Amino acid sequence: MRVLFHAIGVLAVPGLVFAQTPKRAAAPHVIVAVPDSISWGDAPPVLPAGAKAAMLEGNPMKPGPFTLRLSFPDGYTIAPHYHPTVEHVTVLKGTLLVGMGAQLDPTKFNELPAGTFGVIPPRMRHFARAKGDVIIQLHGTGPWRLIYVNAADDPRGKKPAR
């Protein structure tokens with residue numbers, strides 16, 4: 001009987017150790033985005049037509065970190081909106097005009113030139129316009145959402161012009 005308990009113990013211990021060993025995470029890797037190698041495509045449909053996007057890291061629609069670049073032509077405007085999570089923005093090129101509030105009011109625009117970094121708290125209503133060609137970089141933790149103050153401003157509900 002003693003031999004049987006010893007044999008069961010010898011066989012069970014490796015199983016217990018294996019069961020408690022944490023699973024290995026994916027190996028860390030380096031991400032380098034050289035400007036000439038960045039692939040641009042249409043921006044997510046939550047943004048008005050005309051913007052371009054480049055995903056540098058992660059997926060903003062899924063949980064986890066992400067880094068996204070957006071390119072806007074001169075005059076491109078994003079109606080008043082907010083995000084349920086913190087928004088981190090860096091202006092890389094041009095001047096981004098940003099105003100706070102639930103109504104688009106050009107008198108409330110603040111000029112954010114290239115090199116500017118900003119953090120907008122969750123649910124803070126704001127709006128934006130490009131002054132010249134603008135590139136911004138957003139980073140944060142997904143899922144990222146953009147919610148328009150006025151649902152009629154959401155381009156996903158608009159029918160394309162004929």
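Me: How many bridges join β5 to β8, which run antiparallel?
Reply: In this predicted model, local features need pLDDT of at least 70 and side-chain atom pairs count only at pLDDT 80 or more, whereas totals for chains, interfaces and linings use all residues. Residues are numbered from 1 along each chain as its sequence is written, and side-chain values use heavy atoms, with hydrogens and water left out. Strand β5 covers residues 87-100 and strand β8 covers residues 126-142, where strands (E, at least two residues) and helices (H or I, at least four) are DSSP runs numbered from the N terminus. K93 stands opposite I135 in β8, and the number of bridges joining β5 to β8 is 11.

Me: Which residue in β6 stands opposite V98?
Reply: Strand β6 spans residues 110-113 and pairs with β5 in the antiparallel sense over four bridges. Pairing requires that DSSP find at least two bridges between the two strands. The residue opposite V98 in β6 is N110.

Me: Which residue in β7 stands opposite E87?
Reply: β5 also pairs with strand β7, residues 117-120, in the antiparallel sense over four bridges. In β7, the residue opposite E87 is I120.

Me: Which side chain does the side chain of R129 join in a polar contact of 2.8 Å?
Reply: R129 belongs to β8. Leaving out residues up to four places away in sequence, R129 touches G75, Y76, T77, T95, L96, L97, L104, P106 and F109, a contact being heavy atoms within 4.5 Å. A polar contact is a pair of N or O atoms within 3.5 Å; within protein, one must be able to donate a hydrogen and the other to accept it, and residues adjacent in sequence count only if both atoms are side-chain atoms. At 2.8 Å, the partner side chain is that of T77.

Me: How far apart in space are R129 and P73, C-alpha to C-alpha?
Reply: R129 counts as partly exposed because its relative accessibility is 24%; buried means under 20% relative accessible area, exposed over 50% and partly exposed in between (1.4 Å probe, protein chains only). In sequence, R129 and P73 are 56 residues apart. In space, their C-alpha separation is 9.4 Å.

Me: Does H81 count as buried or exposed?
Reply: H81 lies in strand β4, residues 77-82. Beyond its neighbours within four places in sequence, H81 is in contact with M124, R125, H126, F127, L146, I147, Y148 and V149. The side chain of H81 also makes a polar contact of 3.4 Å with the side chain of H83. Because its relative accessibility is 3%, H81 counts as buried.

Me: What is the bridge partner of E57 in β3?
Reply: Strand β2 (residues 52-57) pairs with β1 in the antiparallel sense over two bridges, and the bridge partner of D42 in β2 is K52. Five bridges join β2 to strand β3 (residues 64-72), which run antiparallel. The hairpin of β2 and β3 has six residues between the strands, and G58 there takes a positive phi near 65°. In β3, the bridge partner of E57 is T67.

Me: What is the phi of R123 near?
Reply: R123 is placed in the loop between β7 and β8. As its relative accessibility is 49%, R123 counts as partly exposed. R123 is a residue other than glycine, and its phi is positive, near 70°.

Me: Which residue does a cis peptide bond join to G142?
Reply: The omega of this bond is about 5°. The residue in question lies in the loop between β8 and β9 (147-148). The partner of G142 in the cis peptide bond is P143.

Me: What is the area of the nonpolar surface patch made by V30, V32 and V34?
Reply: V32 lies in the loop between α1 (2-20) and β1 (41-42), and V32 counts as exposed because its relative accessibility is 63%. Patches are made of residues with over 30% relative accessible area and no salt bridge; like charges are joined within 9 Å and nonpolar side chains (Val, Leu, Ile, Met, Phe, Trp, Tyr) within 5 Å. A salt bridge is a side-chain nitrogen of Lys or Arg within 4 Å of a carboxyl oxygen of Asp or Glu. The area of the patch is about 320 Å².

Methods. Areas by Shrake-Rupley, 256 points an atom, 1.4 Å probe, with all protein chains shown as cover.
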